[in-house]
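Welcome, and thank you for opening your viewer. Please load the structure and get ready to select a few things in turn.

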Amino acid sequence: MQRLRNKVAIVTGGGSGIGRATAIRLAAEGAKVMAADISDLGGRETRRLITKAGGEAIALRADVTKAGDMQRMVQDTVQAFGGVHILVNNAGIYSGEDKRITEIDEAVFDRVLDINLKGMFLAAKYAFPQIAKNGGGASVMVSSIGGVSGGFVTAYGTSKGGVISLMRSLAGQYGHKNIRVNAILPGPIDTPIHEGVNIARGMPPHSRQFGKTPMITNRWGTPEDVAALIAFLVSDDASFMTGAAVTIDGGSTAL
Ligand SMILES: NC(=O)c1ccc[n+]([C@@H]2O[C@H](COP(=O)([O-])OP(=O)(O)OC[C@H]3O[C@@H](n4cnc5c(N)ncnc54)[C@H](O)[C@@H]3O)[C@@H](O)[C@H]2O)c1
C-alpha cells in the first residue's frame with residue numbers, strides 16, 4: 001500500500017518501540033520520514049532500517065521538552081524534504097510510579113508531564129503551522145488507556161489524559177486548516193518502555209504482570225499493531241476522522 005506517497009512525516013520518539021515501527025510503516029507506505037528522538041543511536045538505527053528497505057528517512061537527536069529542538073526538527077525536515085504533512089506525536093516515558101499521590105516526588109510528576117504532555121504541545125506548536133502551510137495533513141497523538149483509567153499511575157495517567165484534551169483542542173483549532181488530529185490509547189504493547197519499570201520493581205525486565213486481554217491469544221500488542229492504526233489515521237482512509245480517541249488494547253479495558 002502506498003497511501004502516503006509524496007507525504008512527509010515527523011515521528012517523535014522515532015528511535016524505539018511504537019515510534020520506530022510507525023516510522024518504518026509510514027516509509028513503507030511511501031512517506032519520507034524524520035525520526036526524531038532524544039536517543040541519537042535509536043533515531044539513526046530507524047533511519048538505517050528505512051533506507052535499507054528502500055525508503056527515505058532522516059534522523060535527528062531532539063528532546064521534545066526543548067522548544068529549540070522542536071523548531072529545529074521542523075526546519076531540518078523542511079530543508080530535507082520540502083515540507084511537512086504528518087506529525088506523529090509519540091515520544092513519552094512510563095514512570096510506573098504505582099504510588100499514592102502523597103508518595104510521588106514532585107520532580108517525577110514534573111518530568112512525566114514535561115515529556116509526555118508539554119513535549120506534545122511543543123512539537124505541535126512548531127509543526128502545525130508548517131503542515132498548514134503545506135495545504136494540511138494529519139496528526140496522531142499517542143495517549144494511553146492509562147489516560148482514562150485512573151488508579152495509581154497518577155503522573156502518567158494525568159499526562160496521558162492531558163494528551164487527549166490537547167488533541168481535541170488542536171482538532172478544533174486546525175480543522176479549518178485541513179489538519180485532522182486524533183489520539184490513540186494503546187493498552188499493553190511489547191516495547192522497551194516496560195523494562196526500566198520492571199527492573200525498578202525488582203522484576204525481570206520482560207515480565208508482564210498486567211495487561212490481560214479477553215482475546216483467545218491473550219497476547220500483548222506489538223509496535224506494528226499500533227503502527228498500522230497510526231498509518232490508517234494519517235491516511236486519506238480516515239478522512240472523516242478528527243478529534244477522536246481510539247483505543248487499541250486487545251480488549252484489556254473490556255475485561
Ligand atoms: N508500550 C506500551 O505498553 C504503551 C502503552 C500506552 C502508551 N504508550 C505510549 O507510546 C509511546 C511510545 O512508547 P513505546 O512503548 O514505544 O516506548 P519506547 O521506550 O520503546 O519508545 C519511546 C521513545 O521515546 C523517546 N523519548 C523519551 N523521552 C524523549 C524526549 N524527551 N525527547 C525525545 N524522545 C524521547 C525514547 O528515547 C524512545 O526512543 C509513549 O508515549 C508511551 O507512553 C506505550
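The tour below goes from stop to stop, with something to select at each one.

**Before you start**

This is a predicted model, in which local features need pLDDT of at least 70, side-chain atom pairs count only at pLDDT 80 or more, and totals for chains, interfaces and linings use all residues. Residues are numbered from 1 along each chain as its sequence is written.

**Stop 1: a residue in a strand**

Select T12, which is found in strand β1 (residues 8-12). Strands here are DSSP runs of E with at least two residues, while helices are runs of H or I with at least four, and both are numbered from the N terminus. Is T12 buried or exposed? T12 is buried, because 29 other C-beta atoms lie within 10 Å. The cut-offs are 20 or more other C-beta atoms within 10 Å for buried, 12 or fewer for exposed, and partly exposed in between, with C-beta atoms placed from the backbone.

Leaving aside neighbours within four places in sequence, they include G19, A36, V64 and A123; two residues are in contact if their C-beta atoms, placed from the backbone, lie within 7 Å. Next, pick D63: T12 and D63 are 51 residues apart in sequence, yet 9.0 Å apart in space, C-alpha to C-alpha.

**Stop 2: a pair of helices**

Two packed helices are described by the angle between their axes and the distance between the axes. Select helix α1 (residues 17-28) and helix α2 (residues 40-52), whose axes come within 10 Å and cross at roughly 25°. Each axis is a line fitted to C-alpha atoms, for helices over the stretch in contact, and angles run from 0 to 180 degrees between N-to-C directions. α1 and α2 are therefore roughly parallel to each other (under 35 degrees is roughly parallel, over 145 roughly antiparallel, 65 to 115 roughly perpendicular, and the rest oblique).

Show R20, A23, I24 and A27 in α1, which meet T46, L49 and I50 in α2. The residues of this contact divide into five nonpolar, one polar and one charged. Here Ala, Val, Leu, Ile, Met, Phe, Trp, Tyr, Cys and Pro count as nonpolar, Asp, Glu, Lys and Arg as charged, and the others, Gly among them, as polar.

**Stop 3: another pair of helices**

Move to helix α3 (residues 67-81) and α4 (106-133). The axes of α3 and α4 come within 8 Å and cross at roughly 30°, which makes α3 roughly parallel to α4. Which residues of α3 meet α4? A67, M70, Q71, V74 and V78 in α3 meet L122, A123, Y126, A127 and Q130 in α4. By class, the residues of this contact divide into eight nonpolar, two polar and no charged.

**Stop 4: around the ligand**

Select the ligand and the 30 residues around it, of which G13, S16, G17, G92 and I193 come nearest. A residue is near a molecule if its C-beta atom, placed from the backbone, lies within 6 Å of that molecule. The largest share of this shell, three residues, comes from α1. The shell residues divide into 14 nonpolar, 14 polar and two charged.

**Stop 5**

Finish with N6, in the segment before β1. N6 has a positive phi of about 70° although it is not a glycine, and N6 is exposed, with 11 other C-beta atoms within 10 Å. Then select N218, in the loop between α7 (193-200) and α8 (223-234). Phi of N218 is near 45°, a positive value in a residue other than glycine. N218 counts as exposed because it has 12 C-beta neighbours inside 10 Å.
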